[in-house]
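Please read them with the structure open.

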Amino acid sequence: LSENQLSSLEGGLLASLLASLTSLDLNHNELNSRGLTEASLQPAGAERSNLTILNLSHNKIDQLPATLFAYLDHLETLDLSFNPLAQLDSQTSSAIGAVATLQFLDLRGCDLRILSEEMMAGMTQLRTLDLSSNHFTRIDPSIRAASALTSLIVDNNDLNILDETSFQGLEQLHNLSVSYSQNLSTIEADTFSRLVELEDLR
């Protein structure tokens, strides 16, 4: 269902499919906040969803209903990249943070400057977080609340300095990418000293 002109996902449209679908791709549509409700991803009757991959990238979503993903018990990959989420309000943070099964979260190009610690703490199985092409001026300390995180990508942001506090609490990282930040001019001596598990640095 990618690259269409869909502006809403009516409740019931996918209800009969969510028990069997494992992947749903809705990228490059016109989906917006008014077109998404709790019922949008609600399976029929007492069924539970088997969806593991959901791609909502390249839409016009600036807010998510707090219970949008409430029925997605097995969701592992969520792509929200290139949506104008900007502020990550409480409803949106609640929606994302409630997905305890999530392992990969893509928030590239969402005009983000800060993250919610509550949101990050809820994703207890999150392994990979991609925050590329946003407006972070520092490594957001809320990231450390995602205790299982092993891969962090913060390419093309507004970082200007990295120091010994930048990756504090992220000692479990195996992969780190901090490339293409045009303002990054200073990396202090002990910046990476805590990252004793790091295998790949870009």
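Is Phe-167 buried or exposed?

1. Phe-167 is buried in this predicted model, at a relative accessible area of 1%. Buried means under 20% relative accessible area, exposed over 50%, and partly exposed in between, with a 1.4 Å probe and protein chains only.

2. On conventions, residues are numbered from 1 along each chain as its sequence is written. The model is predicted, local features need pLDDT of at least 70, side-chain atom pairs count only at pLDDT 80 or more, and totals for chains, interfaces and linings use all residues, while side-chain values use heavy atoms, with hydrogens and water left out.

3. The protein has two helices and ten strands. Helices (H or I, at least four residues) and strands (E, at least two) are DSSP runs, numbered from the N terminus. Along the sequence the pattern reads β-β-β-α-β-α-β-β-β-β-β-β. The radius of gyration is 17 Å, close to the 17 Å that the globule rule gives for 202 residues, so the protein is as compact as a globular protein of that length. That radius is taken over C-alpha atoms, and the globule rule is 2.2 Å times the number of residues to the power 0.38. The C-alpha trace spans about 55 × 30 × 25 Å along its principal axes.

4. Eight strands make up an open sheet with parallel pairing, in the order β1-β2-β3-β4-β5-β6-β8-β10. Two strands pair if DSSP finds at least two bridges between them. At the edges are β1 (23-25) and β10, each pairing on one side only. Strand β6 (residues 151-153) is joined to β8 over three bridges in the parallel sense; Ser-151 has Asn-175 of β8 as its bridge partner.

5. The largest nonpolar core holds 51 residues, and those with the most contacts inside it are Leu-54, Phe-69, Leu-129, Leu-131 and Leu-152. Such a core is a set of buried Ala, Val, Leu, Ile, Met, Phe, Trp, Tyr and Cys residues joined through side-chain atoms within 4.5 Å. Two or more residues of this core come from each of α1 (90-97) and α2 (117-122). Leaving aside neighbours within four places in sequence, Leu-129 is in contact (heavy atoms within 4.5 Å) with residues including Leu-105, Met-120, Ile-143 and Leu-152.

6. In α1, the buried residues are Thr-92, Ser-93, Ala-95, Ile-96 and Gly-97. These buried residues pack against β4 (104-106) and α2.

7. Which aromatic pair is stacked? Rings of Phe, Tyr and Trp (its six-membered ring) pair if their centres lie within 6.5 Å; planes under 30 degrees apart count as stacked, over 60 as edge-to-face and the rest as tilted. By this rule there is one aromatic pair. Phe-167 and Phe-192 form it, stacked at 5.9 Å centre to centre with 20 degrees between the planes. Phe-167 is in the loop between β7 (161-162) and β8 (175-177), and Phe-192 is in the loop between β9 (186-187) and β10 (200-201), so the pair ties together parts 25 residues apart in sequence. Phe-192 is partly exposed, at 29% relative accessibility.

8. Asn-27 lies in the loop between β1 and β2 (53-55). At 10% relative accessibility, Asn-27 counts as buried. Not counting residues up to four places away in sequence, Asn-27 touches Ser-2, Glu-3, Asn-55, Ser-57, His-58 and Asn-59.

9. Buried residues are 44% of the 202. Of the contacts between residues at least 6 apart in sequence, 65% join residues at least 24 apart.
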